[in-house]
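This report describes a model made of protein chains, first chain by chain and then where the chains meet. Please keep the sequence and the coordinates at hand while reading.

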Amino acid sequence: MTNATDTVTGSEPTTVEPTPWESIYRERLVPMGRYLRRNKLMAGGLSILGVIVLLVIIGHLFYQQDDRKGNPQRVSELVYAASVPPRLKPSWNPWGEYPLGTDEQGRDILAHVLIGTPKTFRIGAIAAAIGIGVGLILAFVGAYAGGWADLIVRLLVDSLIPIPGLLVLILIATSLNPGQGLTENQLAFAIAVLAWPGPARVIRSQVLVMRERGYVTMAQMSGTSALGIIFKEMMPNLAPYLLASYVAALTGAMLATIGVETLGLGDIDAPTLGAMLYWIIFTNALLKAQWWWLVPPIIVIVALFVGLFMISAGLDEVANPRLRRRV
Amino acid sequence: MPSKYIVGRVGMFFLTIFLASTLVFFLPRLSGRDPFREKLFEEAQRGGYLEDVDEIAAALNEKYGFDRPLWQQYVVYLSEIARFDLGRSQFTFSKTNNQLLAETIGWTIGLTFVSAIVAFLIGTGMGAIMEWRRQNTGLLAAMAPFLMMSAVPYFIFGLVLLTVFWFSWLQAFDWELFPPYGAYDPTVEEWPDWTDLGFLGSALWHATLPALSIVLVSLGGWAMGMRGMMVTTKGEDYMLQAEAKGLPDKVRFYKYAIRNSLLPQLTGLALQIGLIVSGVVLVEIVFTYPGVGGLLVQSIRNSDYPLIQGIVFVLAFCTAVTTLVLDMIYPLIDPRISYSGN
């Protein structure tokens, strides 16, 4: 900011060619910062997620450089620390070698959380992206083709929404990869199977409203093709809704991931947050007073969900500008 | 109430049930596994003794009809479902699935309904009052934590409650504020004798934490939804007219504002039932509540397909019935509702 004002108020008003970074800063980041100062919820949510990302990155760097203990496999130190028990008893000593302690099997809890958080987030992100994509296509097909296509989409969506998602997921999980539990990608795809009805419903109703708007009629009259209208006219206006649906789908998908893993249907030996909860619940960690095992994943999960919730509430304001005036 | 609406809605209900039961039938069979054989092998290996496993598995599969063509199994399955016969578990031989579910489903339904309705009523009421008394900023401040909580999954919040209200209390005061697991006093021998006040009390006491983890999480969402609806309703002409007529505050609040804002809340409840049921299953596991959650985990571990199918079907059925009932209630609450199906 100071650089920018200096060049403007300088004695020689020569037009200094701004560097690309400078222009990005001035045209994108400054307005964004100004917007975030107004939209406190979004700012709060983004900063919570930012802190988590930062902690995970710092943790990864810390562990990568640390080459204690013989590491026979060529996996990163962090994966090694999170998955191979150093054969310690469950313990907690914040000033010792394991700042968050070790779990029932003697695994490093800090490493487990550091590696499990991005994994959980990644599964949710993939599932939500697929869900939104399928939902978007079906919504456009339904709203545009009308008639039978719309009826089928609507019937499918309406009849699938009341079925408890987690239960269908359990069925998919038990049949996809029995015995070992689902791998991360399988889990993401299984969740995606159920992630589309919600977005499809929201987007369809938006498209139906938008189709009647003046600018769409205008484009139709000037001979724009249906695809042209969809991509050039509707998509930009749909963007806030898409983003809001994505965050909602991401929240749902992460909840599903953690839920399915907690039931023991994921890969229970993989260092994910859900698998951690599985072991915590099924070894009765709290009854054994091993609270240090429970607290870190709970804090991370609560922070993740609260952060996403705040972003989603903030996006709501973008999607529904009428809300902006109200506190 | 136009019969077209009812027929359409009931048709939707049967479509949901049909889709659910079809999913329940085909999904587990996609794997092409033979759980009997696998289990027998497992047992045989544990005992270090292997003989006739294939024959026993084949005999069991024949008995359960798993050796027949898929379409025959499907027809038989559908006719059984229509009679509400959920078949037999593969590994719990002493009882039918119907019996196993009858023992557990009551706890689940009780927990779900009581906590969902309590949360809905309190949340909706709070939201309504919040908007009606705009000057009461204290209420808004009190809502903030509930809003944040509404982002957290039920069972995660259950773990938080367990840590705070059981573990911490036990550590700090050497005293159990709430029991950490179970649904009633374990010393009770005859259950469930609901007329016995002692038993009822212990059941309520045990249900407190599981129910709280659902209620506290759901409150915020209902309150915000209701508040949003009240904002719209307050701006309507009939509200102005009611005020101009000099109707008392109470009448305007209950008969005008709340009644007109309630419908979208009920629609929301109908849409959320599926999510709530999924959540309750996980909450039950956290608190070792004797509902279907525990049975489900056990059947997943055993790859007990008939039992998994039975549980999933029953839960989907209950969800669909609740949604149907809610949809039928709308017209009672709001006579203006249009039934054209759009």
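The model is predicted, and the values given here are computed from it. Chain A holds 13 helices and zero strands, so that its pattern along the sequence reads α-α-α-α-α-α-α-α-α-α-α-α-α. For chain B the secondary structure amounts to 12 helices and zero strands, and the corresponding pattern is α-α-α-α-α-α-α-α-α-α-α-α. Taken along the principal axes, the C-alpha atoms of chain B occupy a box of roughly 90 × 60 × 35 Å.

Which residues bring the two chains into contact? On the one side 35 residues of chain A take part, and on the other 42 residues of chain B. On the side of chain A that touches chain B, at least two residues each are supplied by helix H6 (147-160), helix H7 (165-176), helix H11 (226-262) and helix H13 (291-319) of chain A. Sorted by class, that side of chain A comprises 27 nonpolar residues, seven polar residues and one charged residue.

Notes
Residues numbered from 1 in each chain as written. Chains lettered and ligands numbered in written order. Predicted model: local features only at pLDDT ≥ 70, side-chain atom pairs only at ≥ 80, totals over all residues. Helix = DSSP H or I, 4+ residues; strand = E, 2+ residues; numbered from the N terminus. Contact = placed C-beta atoms within 7 Å. Nonpolar A, V, L, I, M, F, W, Y, C, P; charged D, E, K, R; others polar.
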